[in-house]
Amino acid sequence: MYQALLTKKYLTRKVMPMLAMAAVMLSVATILITWSVMGGFLKTLIASGKTLVGDVAIVWPNVGFAYYDDLIERLEADELIDSASPTIETFGLIKLPDDRVELISIKGIEPRSYSEVTGFADTLWWKPIDEPTSKDHEGEDIRLAPENAELFAQVLSNGISMTRPDPITGVVEPAGVLGIEVTGLNDRKIWGGYYPGTPVRAQPDGGVEFLNQRMFLQGQVGLTILALDSSGRPIDPVTRTIPIANEFQSGLYEVDQGTIFVPLDVIQRMLRLDEAAKVELVRDDENPFAIEVNPVTGEIGPKMKEIIGVDPARVTTVLVRGVDGAELEAVRQRVREIYAQFADAHPGQVPDAVNMRHQIKTWEDLNRTMISAVKKETGLVLFIFGIVSFTTVFLVLAIFWSMATEKTKDIGVLRALGASTPGIAWLWIRYGASIGIVGSVTGTAVGYWVVLNINAIHDWMGRTFGLVIWDPRQYYFVEIPSAVDPSKAVIVFVVGILTCVLGAAIPAVHSARMDPVKALRFE
Amino acid sequence: MGIQMQERETGSVVRSEPILSVRAVHKTYTLGRVKVPVLHGVDLDVKQGEWVTILGASGSGKSTLLHLIGGLDRPDKKTERSASVQFRDRELTQESKRALDRYRADDIGFVFQFYHLLPELSVLENVTVGGMIKYGRLGYRAHRKQIVDRASGLLDRFGLSHRLKHRPAELSGGERQRVAIARALINEPSLLLADEPTGNLDLKTGESILDAIIEHRRDAGLTLVMVTHDERIAAKSDRVIRLIDGRVEEA
């Protein structure tokens with residue numbers, strides 16, 4: 001009982017405990033803010049990683065697999081599967097309007113089904129918007145302008161359908177959607193949006209040519225890829241000019257800086273993964289006099305090959321989206337089962353289920369490297385801050401040691417009045433816990449408040465001191481993540497209290513074991 | 001053996017059987033590498049209700065003897081005769097730490113020369129803190145009113161009823177010592193151990209403090225062991241013993 005009374009008096013009548021409480025508060029708030037922001041960063045990054053992948057991917061690289069329409073039909077018939085979409089993923093060279101040639105990841109997609117699985121349509125950047133983005137306080141985004149609304153509505157429609165009318169002939173042709181960072185022409189503003197630039201082409205004579213075009217209106221790129229034969233061996237390079245219908249922003253810089261979406265049928269033809277007649281060369285020794293008529297020219301010539309069937313179109317990947325709330329592992333398992341049935345229905349024509357087992361990956365598997373890197377980074381930052389905050393233990397220890405020394409005579413008096421050794425230890429432990437509780441409560445509250453208002457605080461710092469820490473031109477997310485995970489708050493809160501108890505424990509034991517006679521004689 | 005009673009000049013009733021019996025108590029302190037013997041085989045009996053004054057020069061071991069009687073310290077073990085500090089039928093040298101804590105809380109009241117009040121607590125809290133220690137959390141709640149009433153009564157008796165909410169720093173030396181006496185008496189101890197209670201006070205204040213102790217002792221039948229070097233105070237007690245070089249000499 002006397003511990004409660006003295007704790008209350010010590011807490012309210014001394015400067016030292018106030019300092020200790022402030023230290024605990026700052027440590028708790030710092031850890032909570034760091035953990036929340038880094039955790040939010042990871043969460044946002046992971047969500048972005050999922051945006052263009054869906055839940056589960058069935059991957060058979062290079063040569064791809066056939067009868068994917070049948071597989072998709074089987075998948076979409078299942079109650080656990082919401083939708084599925086065929087894609088082709090490959091690499092190639094892109095020739096940009098300024099004649100630069102870069103390596104690029106090429107994804108052949110069916111825009112409608114791909115949007116259903118991945119939310120692709122939502123990532124299209126050039127579209128009319130009604131509200132400015134959160135950091136665009138001045139309304140500088142050109143997509144806001146009413147006079148551009150009709151134009152951007154058309155550009156959005158082009159992006160969704162992956163087509164674009166030829167600017168001269170008006171003929172609608174298949175078009176690609178480019179990552180917003182690929183060309184380097186889009187100028188990222190401090191408010192987090194883009195202003196579209198125009199290409200400048202360097203000339204051999206040292207001059208430059210200004211191309212008066214916007215990528216999403218008149219721009220086009222050249223794509224060069226290596227076609228593969230049915231065994232996956234490269235045959236010859238294929239080059240094609242692809243008009244650009246729109247540009248996308250996924251939230252992952254690596255993706256937006258190095259990816260182009262192309263209509264699936266276009267890339268299938270380029271890679272020779274489209275449907276084709278299956279032919280067999282005619283052997284001279286069977287019928288050396290056989291002839292055939294060329295169906296195009298009508299000319300008659302010696303028969304060189306014979307059509308023996310149809311080689312169906314192939315894709316390298318089928319992306320699957322589970323129904324809302326479905327467990328990721330459950331979806332993967334169901335996809336495996338459905339694929340096994342599909343493989344049984346096409347024996348010898350598609351990869352068998354055993355070989356495909358490890359090629360059915362979740363979006364987490366596909367982003368494992370990126371997620372793991374960010375998790376490690378988060379862990380490292382937390383570790384460093386944890387070490388820094390651990391100094392609080394020593395701070396509390398030093399403050400308590402000092403207070404316990406100052407109160408040596410009081411301890412002697414209490415012992416003379418009959419206070420026990422554990423009673424004296426409990427006095428200091430209780431005192432430490434009280435400082436921990438007050439410091440942790442205020443620290444958690446301050447941390448919560450800062451995280452929830454971190455963008456407003458950041459904007460204020462920018463306006464008042466010209467200090468911009470989170471610059472959307474460097475950091476890919478426009479806003480600093482501002483959500484607090486309650487479970488993290490509880491952990492930080494409890495650790496804050498334990499830290500103080502730990503810091504108080506040594507002085508507590510020291511005080512309790514003090515010889516009461518020496519304590520009474522202490523000067 | 002029958003119990004004999006005797007009325008003394010001090011107005012107290014002294015019973016013949018000893019409440020406290022100290023035998024062959026040695027105490028040596030170690031200061032760095034030097035061993036400093038303080039008590040050399042002290043023998044002492046204190047009867048119930050008796051006021052014994054211990055006189056002696058500085059460093060003669062008066063306070064040490066008081067601490068040993070109060071269970072704050074233990075006598076040396078390696079001596080020719082085994083040391084004994086017996087309070088009623090309890091052998092304190094054999095008691096556990098916990099038992100000695102209880103002994104101090106239940107049976108002993110300490111008054112120090114320099115008051116030793118807890119500076120953060122009010123006058124009333126300084127007195128009731130003894131009750132808190134004795135009864136513990138639950139017990140104190142049950143006895144709270146009784147303890148506060150007793151503390152208020154003691155402080156009223158010592159003329160401090162108007163100072164209950166004041167803190168020690170706001171009191172005079174005499175007032176502080178009265179608070180310290182009230183604190184020592186809050187648990188109705190059988191034995192009051194006073195270590196130069198007037199040593200830090202002027203003559204007049206010292207006498208008023210002494211009067212307060214004597215009056216309370218007479219009313220409560222308290223046994224009092226007081227350490228002092230003031231011969232005039234010693235003359236008022238039932239019995240005086242002198243500590244010379246760590247040994248007792250009856251005066």
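**Figure 1. Helices H12(A) and H14(A) cross in a right-handed way.** This is a predicted model. H12 covers residues 368-406 of chain A, and H14 covers residues 421-452 of chain A. Their axes come within 12 Å. They cross at roughly 135 degrees. On the H12(A) side, look for Val396(A), Phe400(A) and Ala404(A). They meet Trp428(A), Gly432(A) and Ile435(A) in H14(A).

**Figure 2. Helices H4(B) and H5(B) pack at an angle of about 20 degrees.** Two packed helices are described by the angle between their axes and the distance between the axes. Here the axes lie 10 Å apart. H4 runs over residues 173-185 of chain B, and H5 over residues 203-220 of chain B. Are H4(B) and H5(B) roughly parallel or oblique to each other? They are roughly parallel, because angles under 35 degrees count that way. The crossing of H4(B) and H5(B) is right-handed. H4(B) brings Gly173(B), Gly174(B), Gln177(B), Arg178(B), Ile181(B) and Leu185(B) to the contact. From H5(B) come Thr205(B), Ser208(B), Ile209(B), Ala212(B), Ile213(B) and His216(B). By class, this contact of H4(B) with H5(B) has five nonpolar, six polar and one charged residues.

**Figure 3. The largest nonpolar core has 118 residues.** Which residues have the most contacts inside this core? They are Ala182(B) and Val225(B). Helix H2 of chain A, residues 15-51, gives the core its largest share, 13 residues. A second, separate core has 71 residues. Val59(A), Ile104(A), Ala313(A) and Leu319(A) are among them. Now zoom in on Ala182(B). Set aside its neighbours within four places in sequence. Ala182(B) is then in contact with Val127(B), Ala151(B), Leu154(B), Leu155(B) and Phe158(B).

**Figure 4. Arg143(A) sits in a loop.** The loop lies between helix H5 (120-123) and helix H6 (149-161) of chain A. Is Arg143(A) buried or exposed? Arg143(A) has 21 C-beta neighbours inside 10 Å, so it counts as buried. The cut-off for buried is 20 or more. Beyond its neighbours within four places in sequence, Arg143(A) is in contact with Lys127(A), Pro128(A), Ile129(A), Asn148(A) and Phe152(A). Trp125(A) is 18 residues from Arg143(A) in sequence. In space, C-alpha to C-alpha, Arg143(A) and Trp125(A) are 9.2 Å apart.

**Figure 5. Chain A touches chain B.** On one side, 19 residues of chain A are in contact with 23 residues of chain B. Which elements give two or more residues to the side of chain A that touches chain B? They are helix H1 (2-13), helix H13 (408-416) and helix H17 (516-521) of chain A. H1(A) gives the most, with six residues. By class, this side of chain A has eleven nonpolar, three polar and five charged residues.

**Figure 6. Chain A has 17 helices and 21 strands.** The chain has 523 residues, and 38% of them are buried. Consider contacts in chain A between residues at least 6 apart in sequence. Of these, 78% join residues at least 24 apart.

Notes: Residues numbered from 1 in each chain as written. Chains lettered and ligands numbered in written order. Predicted model: local features only at pLDDT ≥ 70, side-chain atom pairs only at ≥ 80, totals over all residues. Axes fitted to C-alpha atoms, helices over the stretch in contact; angles between N-to-C directions. Helix = DSSP H or I, 4+ residues; strand = E, 2+ residues; numbered from the N terminus. Left-handed = near helix turned anticlockwise from the far one by under 90°. Contact = placed C-beta atoms within 7 Å. Core = buried A, V, L, I, M, F, W, Y, C linked by C-beta atoms within 7 Å. Buried ≥ 20, exposed ≤ 12 C-beta atoms within 10 Å, placed from the backbone. Parallel < 35°, antiparallel > 145°, perpendicular 65-115°, else oblique. Nonpolar A, V, L, I, M, F, W, Y, C, P; charged D, E, K, R; others polar.
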